[in-house]
Amino acid sequence: MIRPRSLPLRYPNRSLPLFRFRNHLISRSILTDSSTALPTSSSSAPRSTASFYISNVFPIQLGRLDFRPSIASFLREEALLEHLHAIANDVKVHGFQVENWEVSRKDGGVFLHFSYIAPTEEQTSKEEEKVDEEKAARIGVESTPSSYTQNQPGRLFISPLEESAQKHGGWPSWLGNWWAQKKWHDDRKVPGHTLYSSRAEDGEDAAMDGDEGGLVKGSAGAVKGLQGAAGGGRVWVVKGKQWTEDMNRFPSNRLRVEFDGPDVSQEMLYTLFRPYGRLADIQPPTPVPAGSLRFASVSFSRLSPAAIAINALHGYSTPTNTADFTIRVLSSATDKPIPLSRLRLFYERPLKAHALRDWISSHPRLVLPVVAFLIGTLSYTFFDPIRAFFVRSKLEGVWDINEYSLIKTLRQKFVLPTSFGFLNSSTSETENSEEAIGKNAWADRIEAEKGVEQWLAEYPSTFITITGPPGSGKSSLVTRVLKQQDKPAMVIDCEEIAKAKNDAGLVSALADQTGYYPVFSFMSSLSGLIDLAAVGLIGQKAGFSTPVDQQLRQMLEIVGGALKDVSTHAQKSHQEAFQAQKDQVETDKMRQRKRQMIARGWHDGRLDCVAGNGLSELGVGDEPFEEQDWDSVPLAVPMGGNVAPIQGDTVLTSLTASTDKVESEKLELQTTASTELDVESETIKSLPIVVLKNFAQKTAKGDLWNVLAEWGASLVENKVAHVIVVTEGPTATKALTKALPAKPLNTVGLADADEVNALAYVRDKLRPHTAATTTTTASNSTSTANAGNESQKQGSDPKAYTLSPEDSAQIAKLGGRMVDLENLVYKVRTGSKIKDAVDDIILRNVVELRKAAFGDDSEDAKALQWTRAQAWKVVSELANKGEIPYNKMLQEFPFKGAEQSLKALEEHELVSVSYIDGRASMVKPGKPVFRYVFQALVNDPIFKSSCQIEYNNAIIAKSESDIKAYEQELMNLKNITTEGGSNAIGVSGGWLGLGGNSAIRDRGKWLLDKMGGLVDKVGKLEKENAEMVKVLSSGR
């Protein structure tokens, strides 16, 4: 074991402490004992120092995460250095003395620092000196004095070190002896060349062989020249100045050679670096900024030669070309000094920093489409199956806790308050009772429900549309139908989707409605930004951003696939259940047949083998029983009376065999026919239901309604699902008709209830409230129990609650709109009278309609899709009349040529339009109560005066514009008359000049009549405005 503390330091006046750095190079000095190396000459002779670099002792560190150097250092460092020290101690020539050992962690080598006594010139012959100089000139030896060639450390000590290493089993390595025995270099080969020499040059070898001439590959001098200049195998001469660092610069086969001086030629670089290994390439210096050193790049074919070269040549001063190098080696006389350049060597990464990023940024035309393709592929292969799974889960109710049998059982058995309110069954019972009341309120709901159920019992062929005004019971009808149908259903609330303000919100809303997850809505905005940047970079879009309509279609395509999977899974389940039922029928049939055979005396001979009744030799199988044996074999009554031997079934002895056979055949035929019918019906039952609720009731961003209509049409045409569309009016059916142009729609129209059904509905709603009030009064009274019971019976009597004629008249103002009737019932239940409740409902609608139709102020009115004059025209006309002809209104001011304004009023539910055979017929109030709201607005003098003035001003402006047009035309007619009349325009008079053309006269008369009528009209409107101004002045 080497004890560094007992040995002298490398530098007498300086101590070298040991430092360890994590993941960095570690330098350690192993100091040798001065007594281990004895000089061969006098101790007074001057000593020289030099260094060798022994490669591949430790692993080369490839990066920060390469832990091999740490492992090798921990396990074998001391053993390896002891082995190296033993090899060096056996060298006794020229006063060789080891000064210290230094480990290069990153490069995997060890520096041997030593001192020696240089031999005198007499010890070397002139002939050998000449040979060495020639070899040095070929392979790159630094030598200014002539004595340096023969006194170089490589020439003096490499051979003794190699011999000593062979005695000790080779140079050590962290991988073991097999690696140590590996031959690293051919001593008889000059790098980059094939050298042949005569046998006379070999000296003793030639004499021993007896050959006097001829050529031999390699040269004995090559060993001296090569190893003397650079080294060989695993021992290399350190020519420059060692630089030990622990930065994050890890070995690479590419070296950056900086020139501290003039540039060095490629030939010179090849001469210097080729001895360490084969060079792959040399890149000459390139222009650099002022003040920076020029550099060349030297690439080795392997990593190890680069690590050796950087440790051997860093800091070496070399001539800049081979001619100067030869002169320097041969010590030839020159007129001027040889320029030298100091080499600075650094590792250079094969792949420069940010090279990939720079390549991507410089090739956007290639990179952006490839990235878009990869993203699309990832979404298609990874995310789409996950999204389809979540859609199927929503359809099948996996995430709906109310559908689990455990929750249903708990709701039936227990009533848990507060946090367990979802288990409370009182809410569901109340909803059921309310739905029953609503269903029985008017009979047309029952007929509509039957019609929808009938269409759902067939294969889908077109849309099922349910239309009607708001509050007419469309949603409740769909809810009852879905509860009765044992099918998976998906309800998409289109109104929630239409509320989205941007593309990302639209995609997110549709995903929430369909269960489409995960969805990356923010990617649409990001993709748009990328495409915008791509236009600036490459002049065209990269294809990242997808239009919102295309995104919706892709989402709905996945939803459609999930619907098909659900339908297929349901059909498969039904088929399996049907097959099991069919197998059960066949099993029962065979058992019935066997019972009949046993009843007729059939015998199973195998039973004799088991029973051992003496007939065992006959028990070889079933006794054959053919079809003709049914009639020939008499019916036998088994033992035990009429009790069959299997499961105690009774055998009817009165039936004949032929009758049983006929009945069995009839039963088989009936079963087959019924099963065939069940297969088709079960297939229809497996189809899911898609409900598009509130379809096309509001304007939406993009082409949402057409996208949904096309998707629903594809579901119907491909027999994937039934599609029910719930909308308020026929205007929404345009998109549906466009999607299915060749097929009529199955339409169910719901209207407001008539007066009789509305009164019955209110009466039914108020009856439970009256009964509860009577019961409470009876329980709190101090009367007897009998009196209380009679009070309860009277309260529970359906005829106990009646409506007075005045109440009926007030309820009639609300019409049959469900929303208003429910509001009335709520107010009455809270203690209001019917008249007060109706007046309050009308007042609230007055306030809401005034704001919605006319705006709060003039600025708010500019944002409306109609003018105040148009709104007042509708209000005033419908206040006096219940309905107005649609086409007549379009022919009058202010709707003449402005049909879109009337459509906008209908879209905002201020008016409703009735249709006959798809043609607009009559304009009515948006809901029944609006007629009384319109009357309230007309009866308000201040509001009426302001609106009438604005309406009259619009008519006056229109009339004055027409008057100016008439005046201009009259001026044109006057010009025609003054210039010759009919003759001037080429129209001659009658025969003999009689009966001239009167068209100009008639046209002028018509214009004057129109002008007169407009002038009178403007006068009347101005007088009316004056009267209205007086009303406004009164403030009442």
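User: How do the axes of helix α18 and α20 cross, and within what distance do they come?
Analyst: In this predicted model, the axes of α18, which spans residues 503-514, and α20 come within 10 Å and cross at roughly 10 degrees. Since angles under 35 degrees count as roughly parallel, α18 and α20 are therefore roughly parallel to each other.

User: Left-handed or right-handed, that crossing?
Analyst: The crossing in which α18 passes α20 is right-handed.

User: Which residues make the contact?
Analyst: From α18 the contact draws on Asp503, Leu506, Val507, Leu510, Ala511 and Thr514, while α20 contributes Val548, Gln551, Leu552, Met555, Leu556 and Val559. Sorted by class, the contact of α18 with α20 holds nine nonpolar residues, two polar and one charged.

User: What about α20 and α24, at what angle do they pack and how far apart are the axes?
Analyst: Helix α20 (residues 548-599) packs against helix α24 (residues 704-717) at an angle of about 25 degrees, and their axes lie 10 Å apart. That angle makes α20 roughly parallel to α24, and the crossing of these two helices is right-handed.

User: Switching topic: which residues of α35 are buried?
Analyst: Helix α35, residues 929-938, has Val929, Phe930, Val933, Phe934, Leu937 and Val938 as its buried residues.

User: And what covers them?
Analyst: The cover over the buried residues of α35 includes the helices α28 (805-814), α29 (818-829), α30 (834-854), α32 (868-880) and α36 (941-978), together with the strand β21 (919-925).

User: Stepping back to the chain, how many helices and strands are there?
Analyst: The secondary structure of the chain comes to 38 helices and 21 strands.

User: Last one: what share of the contacts comes from residues 24 or more positions apart?
Analyst: Among the contacts in the chain with a separation of 6 or more, residues 24 or more positions apart account for 72%.

Key:
Residues are numbered from 1 along each chain as its sequence is written. This is a predicted model: local features need pLDDT of at least 70, side-chain atom pairs count only at pLDDT 80 or more; totals for chains, interfaces and linings use all residues. Side-chain values use heavy atoms; hydrogens and water are left out. Axes are lines fitted to C-alpha atoms, for helices over the stretch in contact, and angles run from 0 to 180 degrees between N-to-C directions. Helices (H or I, at least four residues) and strands (E, at least two) are DSSP runs, numbered from the N terminus. Angles under 35 degrees count as roughly parallel, over 145 as roughly antiparallel, 65 to 115 as roughly perpendicular and the rest as oblique. A crossing is left-handed if the near helix is turned anticlockwise from the far one by less than a right angle, and right-handed if clockwise. Contact means heavy atoms within 4.5 Å. Buried means under 20% relative accessible area, exposed over 50%, partly exposed in between (1.4 Å probe, protein chains only). Ala, Val, Leu, Ile, Met, Phe, Trp, Tyr, Cys and Pro count as nonpolar, Asp, Glu, Lys and Arg as charged, and the others, Gly among them, as polar.
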